[in-house]
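Let's take a friendly walk through this structure together. Have your viewer ready, and we will go from a strand to a helix and then to a pocket.

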Amino acid sequence: MESAATIDLEHRFADALPDLAVEWAAAPVPSPVLVACNRSLAHELGLDVDWLRSDDGVAVLAGNAVPGGAKPVAMGYAGHQFGNYSPRLGDGRALLLGEVTGPDGRVRDVHLKGSGRTPYARGGDGRATLGPMLREFLIAEAMHALGVPTTRSLAVVATGETVARTHPEPGAILTRVAASHLRVGTFEYARWLDGGHTLEPLIDHAVDRHGIARDDGTRPATALLRHTIEVQAELVARWMLVGFVHGVLNTDNVTISGEGIDYGPCAFMDGFDPATVFSSIDHAGRYAYGNQPAIAQWNLTRLAEAMLPAIDDDRDTAVALATGELERFVDRYQRAWSHGMATKLGVDPDRTGNSDLFDGLVSLQTQARADHTSTYRALADELRGDATALDALFPDHRRDVASWLTTWRAALGGHEPHAVAAAMDRVNPVYIPRNHLVEAALDDAAAGGDLAPFERLLDLVTDPYVERPGHETEARPAPDGFDAGYQTFCGT
């Protein structure tokens, strides 16, 4: 394969942890065509967008050429999948090209998804299809615009191949960018690989990569566990605040960085229901919307178990230290969620009585199955004197809503209602990737090659707080009955 020196990559992970990386080459594709390019992310990384769009750039994004300095590797990891331990997963259809240092000094992974079979493929064909790769691009950029920590998508390339799934679909490759691709499953793998001698080097690498401080003299493993608990609690709280359901929250999909990753069977909730499940493979509702905080703590417990030998030489001491750290999760999550709710409702985060106020609203939303996203914009409108949208969301609960509104207005502490409403509008989106809109856009792109609906939706969800005339339909929930049978799929 030809080399392209326009993007300079390092190979820190591959050099530091060779036992967790298999050098590998992408499978060439016949006719790569760039179908989506993230200009803003390219600028953040210091990349030339014109080069990315050129034949040489597309060749790199398709895996047909290796950029200068790259040492592509498939990363090894294990994982608990729906609670069951799989000792050897890894990048079955993906490659870490290397790390890029942007103009801001941040080091980020550049990673191909759908680039062909690797030694971790486990019988899969190693390919990805256009619809799921565009979904990941769209969801990741929507999350970024909502202020939710996330991996991001640099580009999607159509490969010119046809990939067999339930029916033939156009092939594609996603270029994903992340603070790192280190996962809880990476540490599970290292713990049991060849007697665990890779565990401490992995911990040292993670601590260095993510700049994790150890000011109190704790061991690196304890500092890493504490950091991961904090960033995951913050991440899941943000998911809950925007009504996001990850769908497949296995330990191999939980990052040490606190970024969301692998947007396969994921979706945003319309009508509020803690039991909401969209994933076609989550038959028991393990990863339902309301279960996500508890599952996150469960996953973090698996991280603690994997790192016990590095936390302390004495197992009982290590267990006690790890348990102490894990017990912080609930408080950290609750504080992050409560602060976010206070911001969404325009109240003082330190106000006594916020818990009852927030719980009251959640209860009303659940009883009415009120649209989660629209509720907060409707409340802002109510402060402006227009209760039309709020009445439509809670048609059978107006007395209870009126009682809650009285409590909420008292909680605002005399602040001018229009000013509070304006502040609420700055944090409560008008536009999210509504499931029916996403499916329609992906169908048009994959089935007919029409990218215009995808691009219009992407434009809206990456500027989600500004209401645009003529786009009222995109702000509304799915038609009645749509979500009742709606399922998302992993795309493999």
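A residue counts as buried when its relative accessible area is under 20%. Keep that cut-off in mind as you look at this model, which is a predicted one.

Start with strand β3, residues 33-37. Four of its five residues are buried, so the strand is largely enclosed by the rest of the structure. Which strand is joined to β3 by bridges? It is β11, residues 152-164, which runs antiparallel to β3 and is linked to it by four bridges. To find one of these contacts on screen, pick Ala-36, whose bridge partner in β11 is Val-156.

Next, move along to helix α7, which covers residues 199-209. Its buried residues are Leu-199, Leu-202, Ile-203, His-205, Ala-206, Val-207 and Arg-209. In an α-helix there are 3.6 residues a turn, so residues three or four places apart point the same way. Just after α7 comes Gly-211, where phi is positive, at about 60°.

The most comes from α17, which gives five residues to the lining.

Technical notes: Residues are numbered from 1 along each chain as its sequence is written. This is a predicted model: local features need pLDDT of at least 70, side-chain atom pairs count only at pLDDT 80 or more; totals for chains, interfaces and linings use all residues. Side-chain values use heavy atoms; hydrogens and water are left out. Helices (H or I, at least four residues) and strands (E, at least two) are DSSP runs, numbered from the N terminus. Buried means under 20% relative accessible area, exposed over 50%, partly exposed in between (1.4 Å probe, protein chains only). Two strands pair if DSSP finds at least two bridges between them.
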